[in-house]
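Let's take a friendly walk through the aromatic rings and a surface patch of this protein. Have the sequence and the model at hand.

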Amino acid sequence: MNDQSTNNTSARPSSVKKTGIRILRWVAGILLALVVIIVCCELAGWPFLRQPLQDFTSKTLKRDVVIERPFHLQLLGGPRLQVGHLRISAPEEFKVPYLVDAQGLDLKLRYRDLLELKEGQPYRIKTIRAEQLDAYMKRDNKKHATWDFELDDSGPSRPFPFIEELSVNKGQASIDDAVSKASLTTTFYTEEGAHLKTPESSLKVKGEFGKRPLQGELVTQGFLPVATQGKDSAPINSKGWLKYGAVNLKFDGAVYDLFGTQRIKGKLSVDGPSLADVGDLLDLAFPRTPPFKIAAAVEKNTDQWKVNVSDAKIGQSRLAGQFVYDYGDLKPKLTGDVKGPLLVLADLAPAFGAPAPTATGAPNKKPGKVFPDESLDFATYDRMNADIKIHFDAVDLGSIFKERISPLDFQLTLQDRKLTVAKLHAGTEQGSLSGALLIDAPEATSEAESVSLPAPKWDIQLALKNIQLEKWLKVKPEDQPAKDKAAKEAAKDAPAYISGQLNARAKLTGQGRSTAALLKTLDGQLALMVRDGEISHLVVEAAGLDIAQSVGLLLRGDHSIPMQCAAMGWHAKQGVLTPEAALIDTPVTTVYIHGNMDLGEEQFNLKLQANPKNFSPFTVRSPILVTGPFVAPAVSVSPGPIAARVAGGVLLALVTPFAAILPFLDPGSGDQPANEGCQQTLQKLKSSGKR
């Protein structure tokens, strides 16, 4: 019995040992089989994972994702995915083929980077390569876009992935944006990474932006540094050019942390037919101007642009300025200072709807009209607010003015669609010009309302004080063209047709979307007075059609006679100017002005009645009638070239190119200087019933 027990005990270890060996063999076999399977799968590229990966990506992005063969996934040594074709769909309502379509895609990662990844850090990708990459970027007017994904945002947000190597042999993206009204095609190429000494990326764009064609090119040291650099990273040198319609922009500078603080610094040059085109491109409220050329240094930080314009030529005007464009608030605001040596008044004509001056400097006017009827850009007033101080050393008023205004200062503000020109002050020869302007453009709350929106309201004030006429205006015979040398010498000794200190005031209101429409609605008062004035005796006699006196003066020489009163008071009602009191009174003759001027129809209907105070047998008592359009008034009774100058001299202060911008200037405060002689004359006329 003991022997049997001993045999049973010795048999148990042998059985356990055999079982353990069998288990080890099975485990080893399974492991070997797994290794073989993994090796086979690795060699095959895990083709059976293509469909699960496609389904997982589609579920995560909530978009149809197609991963087509050849498919090769590598897990040993670091994850690597090679796909023959990858397509991510766009939402059906956009009716585009896809969002992204990549061919020949190669993606490499490292396990170390994945294991060491912490919350809030960017994913690190070793390599992304694509033979071809196409995209359709489309956005509707409700700001829904093909690139919007309904992702689960419960996880931590991460910065843009850090990509060590990027290569796209052929890239293309179609951009259709209803918000910015852009329809563009971009092509790009990049080959970059730490393994390259001189990485380079190129992006070209072509299409339409707004209503104008756009094309351009940007060349950088690579897209990767631009996308992955931090706030302390070195700048990325970049060069580019852009052509928008007829506007040309060139940039040479650097980009810092584009997806972070988004800083840019460099030199910019811009030229084109009008600053308004640049405003359309950048969504800013810039005025219409003649052709311009600007050189500036630009710097951008997180919420501001700083622009230092070192030299700008707009038409014939020259200026410089410093500006800050702050877009951090709900509505962006432009502030700055503009200073320049010269402003040519004709260069302001496009801002009020007139065509830009020609190469010779003369404005291109619409045939038969003086005032432009082109609608102004009031819609741009909603783009921003502004507060800009402006100073010019001198202002060239045009060919009929002898002297320039020097200096000119005013402040331009735009706040909630209200444009104000305030603190206007301009110096002239022993005189000044001051005023203000307010344009209140109502805002449309809907597209339907914009059709029936009331016209902008204008409030205009202007004051001229102690303007020395003979020094400011060309009112002397020597200022006029002479046929020969003798006539030119004789003109030097002749007195001015009219001289003295001009004082004037205008207070006007109106409504209109153009200068011509505004003038049709003008209401208010205009007043002009000349103190310490003199007028050519020859002019006075010619105005009275005193042939005998005129011939005698031509033989023995002209001389000036004092003006006891030179005053004109005009009442404006719906664009029609009617003189309440308009006369020139001298010791020998009183010239009355009756009738009206219709600014809306641009028609004269004036009668100049001269009443000589002395006896002459050859005086013709018929009045002078000035009628017809502003561009070509007709004088019904004319004693020759002198009478034409007379009519021009009397109306000089009323019909000049300067009058085209008169509604945009504003009178300052202060009492007008007294003119005792004129007050006595007007009182005498009032008591006698003569107007």
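Is Phe 630 buried or exposed? Phe 630 counts as buried, at 10% relative accessibility (buried means under 20% relative accessible area, exposed over 50% and partly exposed in between, with a 1.4 Å probe and protein chains only).

A word on the source: this is a predicted model, where local features need pLDDT of at least 70 and side-chain atom pairs count only at pLDDT 80 or more, while totals for chains, interfaces and linings use all residues. Residues are numbered from 1 along each chain as its sequence is written, and side-chain values use heavy atoms, leaving out hydrogens and water.

The whole structure holds 8 aromatic pairs (rings of Phe, Tyr and Trp, the latter by its six-membered ring, with centres within 6.5 Å; planes under 30 degrees apart are stacked, over 60 edge-to-face, the rest tilted). Two of them are set out here:

| Pair | Type | Centre to centre | Angle between planes |
|---|---|---|---|
| Phe 371 and Phe 630 | edge-to-face | 6.2 Å | 80 degrees |
| Phe 378 and Tyr 381 | edge-to-face | 5.4 Å | 75 degrees |

Phe 371 sits in the loop between β15 (333-344) and β16 (385-392), and Phe 630 in the loop between β29 (624-629) and β30 (634-635), so their pair ties together parts 259 residues apart in sequence (strands are DSSP runs of E, at least two residues, numbered from the N terminus). Phe 371 is also buried, at 10% relative accessibility. Ring pairs join Phe 371, Phe 604 and Phe 630 in a cluster. As for the other pair, Phe 378 is buried at 7% relative accessible area, and Tyr 381 is buried at 12%.

Technical notes
Helix = DSSP H or I, 4+ residues; strand = E, 2+ residues; numbered from the N terminus.
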